[in-house]
Amino acid sequence: MAITRINHFEAKAGSEQALFTFLQEVISVVKACDGCIDCVLLQGVDSTASLVIIEQWDSIDSHQKAASAIPKEKLQAAFSLFAKPASGSYFQEAN
């Protein structure tokens, strides 16, 4: 059964576009990873600082392995764009 990962990001004031661009780059990497079914970036209607990535995977293991595909130096640089730590959770279709 496929799993869904929902990740929420909040950009620092003035960093909205930079974080959006970074996350777009991340999505292109993630989509190429084994087990990725889909990955989309959403931006808040009321606040461009609020960003969400919704990922669908064949397994939690595949998602966790894909995290290493993002270059560490890019990930470290992105931390300065966050207003608060990113959050995320796994979900599955309810029976």
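Which residue in strand 3 is the bridge partner of Phe9? The partner is Leu51. The points below set that pair in context.

1. Basis. This is a predicted model, where local features need pLDDT of at least 70, side-chain atom pairs count only at pLDDT 80 or more, and totals for chains, interfaces and linings use all residues. Residues are numbered from 1 along each chain as its sequence is written, and side-chain values use heavy atoms, with hydrogens and water left out.

2. Strand pairing. Strand 1 covers residues 3–10 and strand 3 covers residues 50–57. They run antiparallel, joined by eight bridges. Strand 1 also pairs with strand 4 (residues 87–91), again antiparallel, over five bridges. There, Ile6 stands opposite Ser89. Two strands count as paired if DSSP finds at least two bridges between them. Helices (H or I, at least four residues) and strands (E, at least two) are DSSP runs, numbered from the N terminus.

3. The whole structure holds two salt bridges. The term means a side-chain nitrogen of Lys or Arg within 4 Å of a carboxyl oxygen of Asp or Glu. One joins Glu25 and Lys74, at 3.6 Å from N to O. Glu25 is in helix 1 (residues 16–31) and Lys74 in helix 3 (residues 72–78), so the pair ties together parts 49 residues apart in sequence. Glu25 is partly exposed, at 37% relative accessibility. Lys74 is partly exposed too, at 42%. The classes are buried under 20% relative accessible area, exposed over 50%, and partly exposed in between (1.4 Å probe, protein chains only).

4. Salt bridge within a helix. Asp61 and Lys65 meet at 3.1 Å, N to O. Both lie in helix 2 (residues 60–66), four residues apart, about one turn of the helix. Asp61 is partly exposed at 42%, whereas Lys65 is exposed at 56%.

5. Largest pocket. Its volume is about 410 Å³. Of its 20 lining residues, the closest to the centre are Asn7, Phe9, Glu55, Ile70 and Leu75. A pocket is an open set of points on a 1 Å grid over the protein atoms alone, where a 1.4 Å probe fits, with protein on both sides within 12 Å along at least five of seven lines; lining residues have an atom within 4 Å of a point. Volume is the space filled by probe spheres set on the points, which are joined across faces, edges and corners.

6. Pocket lining. Helix 1 gives the most, with four residues. The lining has 14 nonpolar, four polar and two charged residues. Nonpolar covers Ala, Val, Leu, Ile, Met, Phe, Trp, Tyr, Cys and Pro; charged covers Asp, Glu, Lys and Arg; the others, Gly among them, are polar.
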